[in-house]
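This briefing concerns a single predicted model. Please look over the sequence and the structure before reading the notes.

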Amino acid sequence: MPDPVRIKVLERDGFTCRHCGWNPENGNSADRYRTLLELHHIEHHAKGGANTPENLITLCNICHDEVHRGNIAADTLTSVLKS
Ligand SMILES: [Zn+2]
Ligand SMILES: [Zn+2]
């Protein structure tokens with residue numbers, strides 16, 4: 001993914017997980033499994049999802065895992081982005 005897009009998405013999301021609100025600054029020791037922020041393609045890149053900020057969301061590594069396990073619906077992420 002091109003770096004400018006990555007930075008744009010991180011800035012839009014305030015360098016914070018849009019699902020749980022974690023970020024590296026506010027993270028506490030109870031959150032030690034949350035270690036980094038990742039970008040998730042809402043529409044999977046492999047299925048033709050674009051590398052555009054509209055299709056990308058900032059998530060912590062834990063929420064990102066949950067999305068890929070199917071525990072957080074794509075619809076949820078889409079509505080977060082619209083709010
Ligand atoms: Zn999170
Ligand atoms: Zn992902």
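Residues are numbered from 1 along each chain as its sequence is written, chains are lettered from A and ligands numbered from 1 in the order in which they are written, and side-chain values use heavy atoms, with hydrogens and water left out.

**Fold**

- The protein chain holds three helices and two strands, where helices (H or I, at least four residues) and strands (E, at least two) are DSSP runs numbered from the N terminus.
- Starting at the N terminus, the order of elements is α-β-β-α-α.
- The protein chain has a radius of gyration of 12 Å, close to the 12 Å given by the globule rule for 83 residues, so it is as compact as a globular protein of that length. The radius is taken over C-alpha atoms, and the rule is 2.2 Å times the number of residues to the power 0.38.
- The C-alpha trace spans about 40 × 30 × 25 Å along its principal axes.
- Buried residues make up 34% of the 83 in the protein chain; buried means under 20% relative accessible area, exposed over 50% and partly exposed in between (1.4 Å probe, protein chains only).
- Of the contacts between residues at least 6 apart in sequence, 59% join residues at least 24 apart, a contact being heavy atoms within 4.5 Å.

- Donors are N, O and S atoms within 2.8 Å of the metal (3.2 Å for Na, K and Ca); water is not among the atoms, so sites may look incomplete.
- Distant parts of the chain are linked here: Cys17 is in the loop between α1 (3-12) and β1 (37-41), and Cys60 is in strand β2 (residues 56-60), 43 residues apart.
- Both Cys17 and Cys60 are buried.

**Zinc ion (ligand 2)**

- His40 (ND1), His64 (NE2) and His68 (NE2) coordinate the zinc ion (ligand 2) at 2.0 to 2.1 Å.
- The spacing of these donor residues in sequence is H-x23-H-x3-H.
- Helix α2 carries both His64 and His68, four residues apart, about one turn of the helix.
- His64 counts as buried because its relative accessibility is 13%.

**Nonpolar cores**

- The largest nonpolar core has 12 residues, including Cys17, Trp22, Cys60, Cys63 and Val80. Such a core is a set of buried Ala, Val, Leu, Ile, Met, Phe, Trp, Tyr and Cys residues joined through side-chain atoms within 4.5 Å.
- At least two residues of this core come from each of β2, α2 (61-69) and α3 (74-82), and β2 gives the largest share, three residues.
- Another core, of five residues, lies apart from it, with Val5, Leu10, Leu39 and Leu56 among them.

**Helix α2**

- Asn61, Cys63, His64 and Val67 of α2 are buried.
- Viewed down the axis of α2, its buried residues fall within an arc of 160 degrees, so they line one face of the helix; the arc is that of the directions from the helix axis to the C-beta atoms.
- These buried residues of α2 pack against β1, β2 and α3.

Conventions:
This is a predicted model: local features need pLDDT of at least 70, side-chain atom pairs count only at pLDDT 80 or more; totals for chains, interfaces and linings use all residues.
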